[in-house]
Amino acid sequence: MKKISDIVKEMILGIMVSGVCVALIGLIFVPERMDFIIGLFLGLIIAILMIFSMNHSIEKALDYDEKGAQIQSIKGYILRMIFLIAGFIVVYFVGWWSVGAYFLGIMCMKAAAYLQPYTKKFLHH
């Protein structure tokens, strides 16, 4: 089994921290709490899987020349988009609040990128 890189660990921690914050806010303001939590949870899972996929794509692309690296990166992107869209289709059938929460779960990956310097300090302090 390959060692998980530090940046992946830091990003996962950022996704989880931002996900907990979104969940707490959602539990206060959203009337359909269960739909919201299901959508958010699925969004967070997909966001974490996307981090692993991006890391794998980057590591794999380093083994190729420029053209091969570009092809590998595009393949990884297409795979991530298929999972992202499949997730949207699944949560669509759960309920409207799930779709919004799923989107927020995916956006936790963006928040994790901004939190990464802080999660790095936290993990390596």
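Guide: Let us begin with Ser 98, which has 0% relative accessibility and therefore counts as buried, a word that means under 20% relative accessible area, with exposed being over 50% and partly exposed in between (1.4 Å probe, protein chains only). This is a predicted model, in which local features need pLDDT of at least 70, side-chain atom pairs count only at pLDDT 80 or more, and totals for chains, interfaces and linings use all residues. Residues are numbered from 1 along each chain as its sequence is written, and side-chain values use heavy atoms, with hydrogens and water left out.

Visitor: Which residues does Ser 98 touch, not counting residues up to four places away in sequence?

Guide: Ser 98 touches Asp 35, Phe 36, Gly 39 and Val 91 on that count, where contact means heavy atoms within 4.5 Å.

Visitor: What makes up the largest nonpolar core?

Guide: A nonpolar core is a set of buried Ala, Val, Leu, Ile, Met, Phe, Trp, Tyr and Cys residues joined through side-chain atoms within 4.5 Å. The largest one here has 23 residues, of which Ile 15 and Met 109 touch the most other members. Leaving out residues up to four places away in sequence, Met 109 touches Met 11, Ile 15, Ala 47, Met 50, Ile 51 and Met 54.
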